[in-house]
Amino acid sequence: MNGHGRFASLAGDEDGRPAPAATPAPSPHPAWSGDPGLVGRAAELGALRDVLGTATAGRTKTAATATATDQGAALVLSGQPGTGKSALLEAAVRAARDEGMRVLRCAGIRGSNPPDLSGLLQTLWPVLSDGLEPTGRADRADTPDPAAPVRPEGAAAPGAVPQGSADLADPATPHHPPTVDPPPRAPSLDALAGVLVDGAPAPGTGHAWLAFAVLDVLTAAGLAGQPLLVAVDDWDALDAPSRQVLAFVARRAPGHPLALLMTSRPPHALPNPLTGVPTLSLGPLSPAASARLLASRRPGLDAQAVRELAATAAGNPLALLELPAPAEDSLPSLPASSDRLAAALAPGAARLPADTRDLLLVAALHPEGDLPLLMSAASRIGGTALDLAALEPAERAGLVSFDGLRPHFAHPATAGAVVHGTDPDRGRAAHAALAAVLAPGSVRMLWHRSQAAQGPDPELAARLEAVHGDALEQCPPTMAVRLLRRAADLHPHPADQGRCALRAAQLAQLFGLDRMTRTLAHHALRHPLGPLGKVCAQALAHTGTTGAQPPTHATVRGTDAVVDPTDPSSWPAPVGSAEQENALELARITAPVVVGDEQRSKALLAFLDGMPDRADDPRLLYAMATVRPLGRAATVLAGVCADRDLADVSVRDIERLGEAALLAGDPLRALDLFRRAERRRRFHALPAQLPRVLLRQGLAHLGMGNWAQGEHALRRCAQSAEGTYGQDDHVAAARVLTHLVRALRTGIPAEPVPDRELAAARRSVPSIDAVLAVGAAWTLVECGESAAALPALSALLTDPRTRAAALFAVVTYAEAAKAEQASQEALATLDRLERELGAQCPRVIGVRFTVARAVLADDDDARPMFELAYAEDLSPWPYLEAPLRLAEGRWLRLRRQFADSQATLRQAAAGFTMLGAEARAPRIAAELRASGERAEGAAPGGSRPAAARDLLTARELRIAELAARGLSNREIGEQLGLASRTIGAYLYRVFPRLGVTSRAQLAEVLRNPDTP
């Protein structure tokens, strides 16, 4: 039986079913199902199985006939603390014992000072107690003749390797055997036992003799009976002589009947003492594997706790299992840890100098601080000035690294480990010290001051309330929530406490912090609130219990009536600014719940209309656009475009305005707002907030028909969310939309979306089902299947649930109807839609109707309809101009105006190319051929035109070459320092000049320099 067939407990399939014992498994190895804790370590378990299999490969032969080249292996599992080295080693030990192998073990103890050779004694004690004599191997080239005379103790053979040199101490050449005679072998186990047990001096050349003696003993043990596994845990924590000898054995394990597995942390300095020994480095678990481990070992955690634990653990299995669940009420705030985690990540932290511990404490509380600021704060704790020397002990211990600006902990969970067990008074002193050195009035200064405060402090509470808006801009979302939560604790009056707690709950719900939302809402309900405040708090108290939305059955009792939080008709009118704020937040929370409920949607709109002085508030516009994206489109867009200084608008409100504009049908305005939001997020270094903004940019590009830019934005979204915890929904939506964009570009229908991925995408983009349905029908038009596309688009335009999304494709609907000779039916549909919109039809949607009618116009009415469409300024909407020029080019060809037709069709081709509509190219090329254009670009008998490269300027040629290589307009612009729209304008001129309609044709023309 080969090595893959044996040790089957170290392998299983991805579903957790054990692999068949006799079936060889190819590498990479499937995941092992033997231990639910070993999640995401399939490749590592496969490598361990290979080592054990190699060690037993020759066991079918007798000891006399086995060769030294078909047995033996060694492997070092190297990784940071908590990565699962010991768990993997235990799995290998269990598998080896299950297969009948003999196991010799030893383990180092970190933080101890073990006596010399104690590690070897642990390992060899079972062999020494058995009294097994070393058995010589005739085939070992490096084993001396047993009959050779034994040299006196301390005498070296001519050219012998001195103690501590060559193989034992020089890792640069560890794999080469000595070129001189090795030291003599021990005549019996007595000498080895005397050295290890009695402390007798080693005969011969000391450690060199000992290394060969240990190798001989292990070889004899491997040949005498069962196959042998030597398992060494925490090799780097053993005594130095034991480490040297075991490293020597590991380098010579191949060719000997044993398997040697060792675990070790990465060395802090070079050279690596294990150079030459095969090493398997253990990295962090992937986000998906981290989530599976938490689900299997810590069931019951809510989504927020999983996100926070996964972010702090950063893929470290021990941290995932040991970190305490986040708590909002701990004062003062300190990074969380546990005894076991602190012992693993920071075993010597308690023995560091007091100044170093103070510096680490303030660094853990304020990780953004640079070293001078942290030293100033730490000096205030101990009362003595600190210098750079205070950081050196922590660097030597491997707890932090210094990049010249600020210290960085070796792992995110190390911050909690070094401060674990800190006295609360010392924690408050550290917070006070940080508050004293930070900028007065800054968000971080006030936060640290609040953590040092004890008892009510109304002045500080008011400052925390005032600064929470800045925290929304400059800090992660939870900071603003915690500022308000702390303000509620510091206020002495119950009404102020309830107001702050309710505002904190509203923000927590906005950021998807369900558990925190419920906790804060219940806290708010224990204090006096206004009528709408009570309604809002009750709605928030049930967040996440039924689909993360307020339940329809929850009721609260107002002043004298029962009020349903999800029924706006029962809400009392807001009185005063505080109640108006609660009304707007309640409308924002409730709007997604009442979508599709005609009666409650009308009630919500009537409620919003009752606040005319807040008509331009982004929350009101977002709620209105959510429940009536078309019925209130003009009102929403007027509010979005209202005269306001966006520099004074919070980034979250800018995003709300962008979403309202997108829902109301103006993707160009939405794109501008989302780009502003992206710049603000990047300025404040908040990368965790970027995926959502970039995803909305991709949706705006999709609504504009600019698929090349849309795909670029979606790819940026996926890249920014890669490896970031809590972004799975955005990643799923970006992946689904990317497949849709590729289908639109190529005209090849996308594959069905898996249910699980679609469910995640819905949480990020609630309207994604409508987007996918419209995109699928649009793809049919792009691939020329207008007969199938027409009824699909007609149904989508008729259905109120998908009409808003389908209106982005109204020109495409007109193209399909024209191709199927159903222009009159399509015109009737357009008339009905315009009547339904009435005065709420905004200009951007009206322009689409105008272009669609021009596409549908018959031959007699086409000219005035085209002129009417061109009278609109189409420069902001190339996705409307390109199909209009295509329709005009066809009309001109049918009227036999071939020269004008060719020019117009080339403009259409350039427009579609800029938008990334690759599937259009063959049909436009066919239209050009039908209009009389020759593929060679020259008339018969005419002179040959200039080469393609000669027709372009140097700048145009450079842009054309980059476009021919497949770069998008944005990527070309980034290389040349130009705007993407400028690149599009260049290509708009280049394509007709070269007589091409796609980037593929452009590449072909530029490949052949003689092609005109």
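The structure, a predicted model, holds 55 salt bridges. Among them are pairs within helix α27 (residues 667-683), including one between aspartate 672 and arginine 669. Further topics are a covered helix, α24, and a surface patch of negative charge.

- Aspartate 672 pairs with arginine 669, with 3.7 Å between the closest N and O atoms.
- Aspartate 672 is partly exposed at 31% relative accessibility, and arginine 669 is partly exposed at 25%.
- Arginine 682 and glutamate 678 form a salt bridge with an N to O distance of 2.9 Å.
- Because arginine 682 and glutamate 678 are four residues apart in α27, about one helical turn separates them.
- Arginine 682 is partly exposed, at 46% relative accessible area, whereas glutamate 678 is buried, at 9% relative accessibility.

**Other salt bridges**
- Aspartate 799 and arginine 801 are joined by a salt bridge of 3.0 Å, N to O.
- Arginine 801 has 72% relative accessibility and therefore counts as exposed.
- Shared partners link Arg503, Glu581, Glu585, Arg588, Arg614, Asp617 and Arg619 into one salt-bridge network.

**Helix α24**
- In α24 (residues 618-627), ten of ten residues are buried, including Arg619, Tyr622 and Met624.
- The buried residues of α24 pack against α22 (577-594), α23 (598-609), α25 (633-640) and α26 (651-663).

**Negative surface patch**
- Asp858, Asp859, Asp860 and Asp861 form a patch of negative charge on the surface.
- Aspartate 860 is located in the loop between α37 (843-856) and α38 (862-871).
- Aspartate 860 counts as exposed because its relative accessibility is 69%, the cut-off being over 50%.

Key
Residues numbered from 1 in each chain as written. Predicted model: local features only at pLDDT ≥ 70, side-chain atom pairs only at ≥ 80, totals over all residues. Heavy atoms only, no water. Patch = residues over 30% accessible without salt bridge, like charges linked within 9 Å, V, L, I, M, F, W, Y side chains within 5 Å. Areas by Shrake-Rupley, 256 points an atom, 1.4 Å probe, with all protein chains shown as cover. Salt bridge = Lys/Arg side-chain N within 4 Å of Asp/Glu carboxyl O. Lys, Arg positive; Asp, Glu negative; His and termini not counted. Charge placed at Lys NZ, Arg CZ, Asp CG, Glu CD. Helix = DSSP H or I, 4+ residues; strand = E, 2+ residues; numbered from the N terminus. Buried < 20%, exposed > 50% of the residue type's maximum accessible area, 1.4 Å probe, protein only. Contact = heavy atoms within 4.5 Å.
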